[in-house]
Structures are given as structure tokens and as C-alpha cells.
Amino acid sequence: MQKPLQERGMMTDLHVLEKQRQRALDDAGACPPRRVSNPFFGVGPITDGTSDEVERRRLRFEFEAWLESRYRKLDDTGRDIGAFTAGELARSMHRGYPADKILCDMMREIHRYFEFPKANKIAVGLGGGHSGFTVCVLHLLNTSDLNQHIFIDTSRPETPTGGSGGFFRQSWGAQLIELHRKSRGGDESRLHFADGEGAIPSADKLDELGIRIFIGVGHETTGATTYTQQDMNNLLEWLGRDPDNRHAVLDVTSMLGAMPWKPATIRDAMSKICMFTPFQKAIGGVSGYFIASFTPQALALIERNQSDPCFAIPRQFKLAAPVDPKRSISGTRTVQVGPFYDPEQDKMLGGIINTYSILAFAETTFGLLRCERMIGPLAELNRRSGQNRETVEEWIAGQNLLQLGVANPESRGTAVTLLKIVDPDISDPAIQARIVMRSKQLLGYEGITHPNGEHERGLDVARYVNAFPGTPGDYRAWIGGIRLPTDVTALLENIAYAYGRAKVVVLEEEMGKKGKFLPAPGSVSAELVQRRTATVLIADPVGLRRTAPYARADHSEVQRHIEARGGVFHDGPLTDRAALEPGRIHFFYQPDLSTEAELLPVTQDARYDAVIAAATFLPADSVFPEGGVRIGAGTGNMGSRSWGGSDGVGGSAPLMNTPSFNSRATAQMVFKSLLRVLPDLDVDALHRRVVGADFDTGKNLKEFPTEKLESTRIAVVGYGNIGRQVAKLAKSFGMHVTVHAREKHRPWIESEGFAYAATIIEAAKGAAVITPHVGLGGMNREKGEYANAGIIGKEVLFALSDNAVLINFDRGELVDVGALDAALTSGKVRHASIDADLFRNADGSVRGPLAPYLPLEVRHRGKVELLPHVAADTDHPSRVEGAKQAVDQIIDAIVNRRVTNLKGDLPEGYSNAGAQTVPGVGAVTRREILSACGSHDIKLAREATEELSSIWGALSSVSGADRLGDLIDRHGSTLVRTSNLYRTLMERLGIEGRHG
């Protein structure tokens, strides 16, 4: 019985355990390394190469489309009548066309890509690598041949060296021994085993032993070894001395595409050595079949052995079939009608006995072609495998925790690597084994749980990394050329991290045995809680609805929200900070503050930690050390130097906004203004004549011709929240929408059915309406002007169609007022509607971006509509929701130092929480998609997309009006209804527009 830990004298001191735990925490680091692109490091050297489940599903669709394009149905006249679908092939079509073609195609691509010589034929059969081995040895061996000595490059079974590998490693040699023991003429003395795994003796030594057949399985993936260049030189030299009577068979499961030898050696090996492998395992599917290549000399030996067999070969493994099928026992057997692909004739000589999966064979062909597209020819795959081995060796050399399991660099495999832990802290093998086991849980999806209940979720970066018993390693991973070197590095980093985190857990368990327990997660002593008292100024109304014409606007909804969040609402100014309840955030509602003279006395002394504003202009000298939020999209009025001015550049406090709440309201106001002009129907005149009984519809209607909005073109400048909403409304009116925005938005603009224009001029050409929604842009501090000032200038306005309409509900500065004056005078622009800020000075004069437009209204009476920036600020629900979000953002910034909807720079000490917008208005973010994943709608969305994919996939695979018509009759209604449902789901979830 194992002694207790204390009696073993290992890790007995609690102080030592605590130091080791802290060292493990420091070594592992605070967060996991980057993820690998594919977590299945137990898959062969050529896998499907997908990084996640989405890509895997896409690849499945790509495969089925490829299948349907490649394998077509032909009627008896040769006319194409449609595709063979995956469903049809899955229904066991394993004989005839297209099954025979699929089989031949796969064998051709395997032979071509891996550069087998044309003189060698490839057999195919069902089963895995052991089946391939069995086929080779049963056909090449003849126990009755007294001269047939065999060399096996593994240790003899049941010896101490052989036993260390367990049954799996011994099974190769055990099968050969049993064949000789139980077969006619068998003699175990003709079996010669190696002293160790995978080494090939010199040609002279093999000659001395009288070897006729060399069987190589010792390099196999369990040990992560390969043959050295000298090994291959020895084998090829030995074969070359008597090529007609000497044969070599290698298991190349982990070597195809991962041969680290000279190119000439690889060519000779492929030509002169027989090889077998469970091939689909190498592609990434189920190990359901094997292939085996044979030299012409080996095929001749097989035929000789079949003329005088010494043991029965199971039917499903037979490579030589009777020449005369009626004489199945006594007739001549030949490989010329066996399950072989003959590259010289490009055909299968025979078929596979038993039912095989046509889809599996087609997937292999598809996978090989895809691998070739991704990586290139075989030489490149071999090169990349060697590069990955070098990447492993370089990384291992730069640290002390992991060592390579294979000591000889030349023998290290380029497809598989073995890694072992060397940890001076841990001297107990049982403890070491526990840490390694827990680390594999963390590398996989299970994760690890600390004794205090804290759970670390699985990294899901490396599954199936177990080393085989008896091999010199704790971890085993495939590193073949299909993988990027960066993926291999990421794997190593994750193994080191996972070991460190697992070590922490195991040491905590050992500490627990000594009575030392860490607190449960989330338990923080009360004395460590620092309560924060903060003050926030609300400088604008947070509700716009009034119960009576002159009543105060209703702020009650926002007040309730503040109180529900644990804040305190004060209707009035801050008078005595010392009297405030400690540990609370206090909001002071002063919506009547407006001018600089009113604001500076109460803000320049930093009495308010933060501010929420909507239209009020905050002077540069106002101080808000914890930041500010503007209710709305822009921040042109947020002039405080606390955050660096209205663009948020510089300063020590964060500047935020609440985009999208008023986006729809603003867009609707744009169309309210547009519909007053277009369609250009004089509704007021018609109303007067109807009321005066001065109209006859049949006679007078022709006096009022009009042009509809439908089919006219609108130029939308900007693809932000408001610009996109305007574009959507215009599209619903049947207008042709052209959007100018930055190039990065082009895919999203076009995905919504809008035309993209690379420049404003291009957007304006021939447009009947133009409306900018881009904001002022960044401030050029040298010139003292904003980047977008005057972008709607003369060239833009005169590119419009005659009698065009300009609607600027963004910022007054965007339009060159002089150019607009000229366009109105010439008739190029028939109407201009401007919505911008206007402020009244003490002397009665006005200022602000709307002021320069006032003379235009006098000169062009009836053609100019001026509004005091009310389009976005007259909607009560939008203002309330925007104010609630502003409250949440200020609280989060003060309490958690986390900033949402950041404008400008992120100050030191804060984290960026990204964007938050109204569903369906702003860009779709991770937040919206996460929300969808947590609702029942995700099930509906999946069902809808699968239904749509099924119907469209079927319609695209079928030819002929009759067959298409039949499918449409059965599924057309479901197609349209499901399409409507999916569109509705996306709108409801707010997953539409652009992402980012």
C-alpha cells in the first residue's frame, strides 16, 4: 500500500506548497494563450483543416455542391438530367455508376498527389491500418519458403523492451509469430526482430541475416519517430542489391506528406517500397478503409504465393481473384482482377469485396483536392511538416518545462511529436500524473475545478493528446504540414499554460489535506469593499412629454430607473456634498441650464463628477473628472476639456454617447420634410378647391401632374445609424438608394440592396435628393475646423439632377452656404431643409450653425425650411430610453471603470466595453448575437435556415422543368413562408445591417 504523503517525505511542508502554488500561478500567467485554429490534434497529417463548427458546416455544404457538380445523371441519350446528391449516394449505391467512377477517382487522386510511380498498383480494402498490415503480410509471406527470412523493426513481443509498448505495439510482431506457429512450414527462427523501435540495420547486416522481406512498423505514430536519412539509405541499398527477390513493406500512416528525407530518397522509397495506410483516417474521416501500394516485383511474389498458398486468406482480404470465376478454388488466381487501381490504364482492375461507403471515398477525393489548393503539391506538404518539427524544437529549446520525447533529432517524426514534463517542483510520480491528467481536461472541453468550487472552463484547444503507454511522453500531438507553424506554437503555449493551471489545482488539493483552504470564489471580506460616493449632473430634459401645454416635461421614468439602479435622484442642484448619503451615486436634475454664464459657475470647480447632456453646450472650462455621456449620436456639444473637447481626444475622463435611440425619429423627420416637396403635388391648392366645390376629378385632375418618389434616386452620404435608417425608408418608398461611405462599409451597403458610391460626387450625380449623415468628423486643431465642414459644396450640388432637394438634418456646417445659395438661384436645387443648432445671445442676436442660413430664407422665400435641431429631440420615448442608457453607462464608468460607446481616446485605467445600440438600428455587435443565442429564437432561426438550405439545395441539384415543377409544387409555399419568417426573426433580434 502506498504510504501517506507525509511519510513519503515529499511536499510535506505547507509553506513549500504555497510557494510552489504561487510559482505555478506566476509561470502560467493571468490568461490563456491564443487559441489554435483546430482543436483536434489527434487527427492525422491531412485533416479537413476547419477551425470551428461554422467552417465545418460550410465545408459540408461545399462538399455536397462539389459532389453534385462532379457526378451527374445522364439519360440513355447522354443528356444531363441532374446531379447525384449526397442523399442518393448515402443509400448504398456501391456498384455501377457513379460508384465505380467515385472509387476510381479517389484512387487516381491518391496515386497522383502522393506521387506513387505508375509501375506500382494500389489495392484498396475495408478496415484500418492493422487490416492493411494483415493484407500485406498474408500475401507476401510464405511460411513454406525456407529461404524467406523476415526482419521486423520492432522489439520481439513479450521481451522487456517489447512489453513496455503494451499490446498495441506488440501486436504487429505477434501476428507474424502466430502465422509461423500455426501455418504449414512455419519456423519462428526465420523472424528477426530489432533491438529497438524503428531502426534499420545496414544492408550488410540484413544480408548477413538472409532477409528477404523487411517489415517496417516501428516508426509508427505511437512513438512519434521516423526513419533517419541513414535508415532509408540502408533499406534502399539492401533492396537495390536484389530488387526481384527482396521486398520492403512500411506502415506510412504518419509518413505520407511528412517524409523528412532528401527528395531523391522520397522518390526511391515511393517507387521501391510497398506501403500501406488507413487512408481516410489521414484525411480526417473515419478509419474505414486502407490502401496498399505494391511494386511489380511484389505483385509477382503474390501470384507465386497464391499458386502454392500455405494458409487461407480471409475472403475480404484477398488481392488475387480467380481468372475463371467458375473455378474459385482450383483455378489460377491473379492480381490482374483484384481490387487494384492500375495507373497506366487509369482504371480499377476489380472491385472491393463487401459494401463500402461511396460518400467516404468521395470525401477523400474532395479532401485531397482541397488540401492541394490550400497547401500545394506533396513537396510543399513535406516541407511544411519539416518546418513544424523545427518550430517545435525551437520552442522547446527556449523553455525548461517541456522536453521532447524522442532524443535523437533525426529520428523525430515530422507528423507527430511526443512531449514530456520536467518539473523540479514535483518529485512524486503520482502527483505528476494527476497534474498531467488535469491539464488534459483543461486543454479539452471539460475544464478543471478548484477545491473551493471555482471552475476554469475548458480551453478546447487540444483534444486527444494522450501518449501511448510505454512511450517517452506525457502528451502526443499531430504536427503535420496541414497545420500552420503558428498553430503548433499555440499548442505548445497552451500545454504549458494548462500544466501550470492544473498544477495550481493539484497543489491546492494537497494544501487542503493539510487543512489550508482558499476562500470560495466571489467571497470578499466586507472591509475590502470600498464604497464610492459620486455626483452626476443631468443638464437636459430626460423626458419630453407634457401633461399640459406649459407643464414641465415628465422625467419620472428616468428617475425610477436611477433609483432601481441604486442611485439617488435630486430634482435640483448640489448644495451640500457632505450631506449626501455615502456610497451612492447622486444624480442632480437641472434641465434649464443652458448658457455658458449659467453653466460655468456650477461646473468649473468639479463639484459634479460626471455629466449627462443632450443639446446643452458644455464649455471647455467645465470640469467632469469621471466623464460625460451625450444622449444622442453626436458629441459636438460636449466641449469640456476633461475629455479633450467634443471629439474626445486627450483628457483624463471618458466621453460617451448613446447612438441609435433617435436614429429612426431623425430618419422619419427627414422624410416628413421630403414628403412636403416630393411627390410635387400641391396638396394645399387641391384642398382649397375641393372645399370650395371648385374641382371635377374627371376634368381637372390633369392640371396637377406629379412625379412619384418611386424610381427616383436619393444620395445618402454616410452609413451610420441615421444614414442607414434613411436609406431603409427610401428603399421602402421604392426609391433607388445610393450610399457614399468609407470603403470598408461597401460589402454591408451592397448586402442591404443599396448601391455604393466611392465619392460624394459619384453619389450625387443625377440624384433627385441628397441627405448627409456623417457628423462633423475630427477637429483639425491647426485650422480650427472640422473634417467634414463644407463637404456638400458647389461640385456636389451641381452634380444633382435639376430641381433637386437637399435635406441636412445632421450638422449645419456640412453644407457650403454660399454654394447652396448659388444652387437655389440657378434652380439646380428646388428646396433645402436644414435642421441645426441655434442659440440666442443676451443682446437678442443669434449664433450657431443655423445662423448663416437665415439670409438664404429671405432671398429664397418658400424654398428654404429651417429648423432649430429638433428632428432628433422631440420624441419622448427615444429621449427616455437614451437617458436610461446614459445613466447605465455613467454608473458602469464610475463603478467598474468600463466605457460603453466610447468617443475618442480611452483614458488610462478604463476598459472598453464596445458599442451598444438599439436592436436593428446600429451595427450588430457581439451583444445582440449573444442575446439571440440565449433565446428560443435561435432554434427557430436554425430550423428556418436548414429548411431554406434543404429546399434551395434540392432546386439547384435538379434539372428539367417537370422535376423542378414537382419540387416547387410540394415545397414552394414552405420556401416563401420560411423566408419571410427568417427575415422577421432577424429584424426582431436586431441582426441586420452591418456588423462591427
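**View 1. The lining of the second largest pocket consists of 17 nonpolar, eight polar and 14 charged residues.** The model is predicted, with local features requiring pLDDT of at least 70 and side-chain atom pairs pLDDT 80 or more, while totals for chains, interfaces and linings use all residues. Residues are numbered from 1 along each chain as its sequence is written, and side-chain values use heavy atoms, without hydrogens and water. Nonpolar covers Ala, Val, Leu, Ile, Met, Phe, Trp, Tyr, Cys and Pro, charged covers Asp, Glu, Lys and Arg, and the others, Gly among them, are polar. The volume of this pocket is about 1200 Å³. A pocket is an open set of points on a 1 Å grid over the protein atoms alone, where a 1.4 Å probe fits, with protein on both sides within 12 Å along at least five of seven lines; lining residues have an atom within 4 Å of a point. Grid points are joined across faces, edges and corners, and the volume is the space filled by probe spheres set on the points. Of the 39 lining residues, Arg57, Phe61, Thr945, Glu946 and Ser949 lie nearest the pocket centre.

**View 2. Helices H3 (53–70), H4 (86–90), H30 (926–933), H31 and H32 (961–989) each supply at least two residues of the second largest pocket's lining.** Helices (H or I, at least four residues) and strands (E, at least two) are DSSP runs numbered from the N terminus. H31 gives the most to this lining, with twelve residues. Glu943 has its place in helix H31 (residues 937–957). Glu943 is partly exposed, at a relative accessible area of 39%; buried means under 20%, exposed over 50% and partly exposed in between (1.4 Å probe, protein chains only). Between Glu943 and Ser183 the C-alpha to C-alpha distance is 60 Å, and the two are 760 residues apart in sequence. Helix H32 contains Ile968, which is partly exposed at 47% relative accessibility. Ile968 and Tyr853 are 59 Å apart, C-alpha to C-alpha, with a sequence separation of 115 residues.

**View 3. Phe63, Trp66, Tyr71 and Phe366 form one aromatic cluster.** Across the whole structure, the search finds 19 aromatic pairs. In the pair of Trp66 and Tyr71, the ring centres are 6.2 Å apart and the planes stand at 85°, so this pair is edge-to-face. Rings of Phe, Tyr and Trp (its six-membered ring) pair if their centres lie within 6.5 Å; planes under 30 degrees apart are stacked, over 60 edge-to-face and the rest tilted. Both Trp66 and Tyr71 are buried.

**View 4. Phe671 and Phe733 form a stacked aromatic pair, 5.1 Å centre to centre with 5° between the planes.** Phe671 belongs to helix H20 (residues 663–675) and Phe733 to the loop between helix H23 (721–732) and strand S26 (736–740), so the pair ties together parts 62 residues apart in sequence. Phe671 is buried, with a relative accessible area of 3%, whereas Phe733 is partly exposed at 35%.

**View 5. Lys73 lies over the face of Phe84.** The distance to the ring centre is 5.6 Å. A charge sits over a ring if NZ of Lys or CZ of Arg is within 6 Å of the ring centre and within 35 degrees of the ring normal.

**View 6. Tyr97 and Pro98 are joined by a cis peptide bond, with omega about 5°.** Pro98 has its place in the loop between H4 and helix H5 (99–113). The peptide bond from Leu678 to Pro679 is also cis, with omega near -5°. Pro679 lies in the loop between H20 and helix H21 (683–691).

**View 7. Tyr464 has a positive phi of about 55° although it is not a glycine.** Tyr464 is in the loop between strand S17 (455–456) and strand S18 (475–478), and is partly exposed at 48% relative accessibility. Arg897, not a glycine, has a positive phi of about 55°. Arg897 lies in the loop between helix H29 (876–896) and strand S36 (898–899), and is partly exposed, with a relative accessible area of 30%.

**View 8. The sulfur of Cys310 is 16 Å from the closest cysteine sulfur, in Cys136, too far for a bond.** A disulfide is a pair of cysteine sulfur atoms within 2.5 Å; by this rule the count is zero. Cys310 is buried, with a relative accessible area of 10%, while Cys31 is exposed at 54%.
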